[in-house]
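Student: Could you take me through the aromatic side chains of this model, looking closely at how their rings pair up? Please connect that part to the rest of the chain as you go.

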Amino acid sequence: MILSVAVLVSHLAGAPPLSSYQPEPAELQRARRLMLSRPGECVALTHFFLQRKEARPASMFNSRQELDKLEQAKRYRTRGQTFTAWQLQALCQANDGQLLTADASINKAIALARQQRQPDALVTALLIKTKLALATDHTAQAQSLLDEAKSVSLPAGDGLIGDLQLLQATVLMHRHRYDEARQLYEQVRLQALQQDDMLRQSWANFLLGDYYLQLQQDELALSHFLETLDVLGDRRQFYVKALAAKKTAAIYAALGQNDKALQFANQSTTEFEQLGNSPLLISSLINLGRVTRAGDDANLALVYFFNALDLVKIQGDAKLMAQLYLELGQSYSDLGNDKEARHYLNLARSGFEHTDDLPRQTDTLIQLGKMYLAQHEYGVALLHLERAKATAEQLDDVLRLMESHRWLSRLFEQSGNMAAALTHQKALHAYFKRATTVNRLLTQSLVQDNEQQLQQERELSELGRRSEKLQQDRERFALLAAGLSLLSPLLLYGLLRNHIRSRRLWQQNQDLQQLLLVEPATGLPNWRQLMQRLPQEMARQQQRSEQWYLSEEQARPFDDKIYYMLLQVPFMSNLRERVGLAAASQIQLQLGEYLRGRLHPRARLYDLRDGQFIYAIPQKEVAELAPILTALERMFAEFPCEFELDRQIYTGIIGHPFLPKAPNALDDLRLGDVLYLALAAARELAHSTGEPAWVELVAVDCQQAAFFTGDIRSCCIQGIMKGLVKVNSSHKKQQINWQALQPALPSEDSRGAV
């Protein structure tokens, strides 16, 4: 129980951080450090601290006050320290196996947080109480507590939100809602990755591994446990690393890879030893001994078991000591040392009888029976195996019944009683069929809702009873029964077929919609995704621009733009003609993957085909444009490629809103025309200078929206000539022939024809 509760409460192992003016007392600091390693001392420390008197708000002070007042504070506890002490005490009591007292302590913390109206402390206490409810299998109570915690208002970036989501996913797992739990785990993992929160990311990975382990998908579970260890690296997070290593060792052992299983079992033991928690270290040593013995090294396994036995003797746990005697007896039996094996197995049997542990008592009797059978002492072996079978029947334990019948069959076969051997072999086969059926139902319950499975079983039973009734009245209802027997399968088949077909078509539609938003050549977002997002983004920017224009801070420049940079990459235009279709496709895919890895976290890149890209980034992320443009040029210049490419690029730049005082004057299409005008000017500069070039168009603050009515390119060029539009460029802007970029007006003949 201690280990399972520790798993539940460890990643919320403390109260919310205290205020900066209020240093945490030494007792609470030490209690935090001892919460997992020595929970008993942690409980004593928090209990001692809570004996202090509570300070009134009027007696609060700061570090500038006199020394005698600071000394006097050591005898008092503040409100925030009281929250922390009760929460720590509940966690330590839970890790010490005192679940009822832990629940009483956390109830006091919840009552105090409600009374003092402290949302952070209330949410933390509710989450801890939720974990205690899960530890005692009270899933409904856990969900109710989580719902109450969600109703408390918290700041958007509060770390408790991530902890709440992790716990909600765990509750969903207990309720067999596996898909929802997996989605929530993945969401927390991605959020932690974006926020560089290594600890929460590692816990999300670990719990995802547990999720796949329950679904019997060992490969996926193994990958998440290994990722947990990789994320934490050399960090001093002993507990979660030890748990992940222990689970990894168990999976490798089940896969028959004993070398890797031994490696990770050793790592788990090392981490638990550094943690300093004796019960957890004992559990890890037992696991390491079993893995070592499975690798045919029973001598080394004995060393681990005796080390664990020394720790258990100090702890005084009789049940755990009997378990170790069983492991020692089995190891000596594997080595052929019958005298020591008999000694320790008899000690184990006595211990299990004293603690009334029937399952392990059965295991011990089976081991003794196997040992005596190997020595050809058939009478003593039969006595022990019959007792093991009787105990297993009392427990209705299918696996232990199978083991008992297997060895009884072998005993009678060796002693020449073939009839009795056949009887036990048939019993073994019957229990094997029963175990197979149980495992099949358990596997189905992992991928289906448990309540739905039970409902289906009830419906099948009801159909069976109705079938029997129809059999009794077959003379009266023969025609109706025949009709139903013919129509029902057809209807069920039709409904099932239509359901499967609709689900398949829906999934194909979803996949196609996602593919339509991605450029196949590079894998980057394409112009469709840009046109989906651009109007919404422009609407938000226009609203912010209007709020700025109507606010009292109008004198401050508008600094909430989004820069759109239209890049022309010449080597992408004629890549297929130069290197061929296969090589061009490979280069484009490599370029897309390369660009995704080099982007600014807040920036977006769209592939418009024909060598044109749009790079969008908020103005608040850009202190100056020059470093961003230099980085873009360097990004394309450093692209690794075996072919010689034209690395020169030219860029047109505008910011939106283009007219901050009249943001509605330009829609997305007119804004695109201005952006292409800037690109045309940059291309002209690049052709005249032979170097990469960029041009930025910026409307000055005194511009009039009415001036930009009509053809936007012509209006923009006129605005440049009259000084209403400012031009920034990488070279001398006098080299740009704006008249040459003027769009051709329709002729008189063409207008007449129209």
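Tutor: Let's start at Tyr-252, which counts as buried because its relative accessible area is 7%; here buried means under 20%, exposed over 50% and partly exposed in between, with a 1.4 Å probe and protein chains only. Phe-264 is buried too, at 9%. Before we go on: this is a predicted model, in which local features need pLDDT of at least 70 and side-chain atom pairs count only at pLDDT 80 or more, while totals for chains, interfaces and linings use all residues. Residues are numbered from 1 along each chain as its sequence is written, and side-chain values use heavy atoms, with hydrogens and water left out.

Now to the rings. Searching the whole structure gives 11 aromatic pairs. In one of them, Trp-203 and Phe-206, the ring centres are 5.7 Å apart and the planes meet at 90 degrees, so this pair is edge-to-face. As a guide, rings of Phe, Tyr and Trp (its six-membered ring) pair if their centres lie within 6.5 Å; planes under 30 degrees apart are stacked, over 60 edge-to-face, and the rest tilted. Both residues sit in helix α11 (residues 198–214), three residues apart, or about one turn of the helix. Helices (H or I, at least four residues) and strands (E, at least two) are DSSP runs numbered from the N terminus. Trp-203 is buried at 4% relative accessible area, and Phe-206 is buried at 1%.

Thr-46 is buried because its relative accessible area is 0%. Leaving aside residues up to four places away in sequence, Thr-46 touches Leu-28, Ala-31, Ala-85, Leu-88 and Gln-89. With Gln-89 there is also a side-chain polar contact of 3.4 Å (a pair of N or O atoms within 3.5 Å; within protein, one must be able to donate a hydrogen and the other to accept it, and residues adjacent in sequence count only if both atoms are side-chain atoms).

Finally, a few backbone details in the loops. Most residues other than glycine have a negative phi, and most peptide bonds are trans. His-176, however, has a positive phi near 65 degrees; it lies in the loop between α9 (160–174) and α10 (178–194) and is partly exposed at 28%. Asp-610, also not a glycine, has a positive phi of about 55 degrees, sits in the loop between β4 (604–607) and β5 (612–618), and is exposed at 62%. His-656 and Pro-657 are joined by a cis peptide bond with omega about 5 degrees, and Pro-657 is in the loop between β6 (650–656) and α29 (668–689).

How values were computed. Contact means heavy atoms within 4.5 Å.
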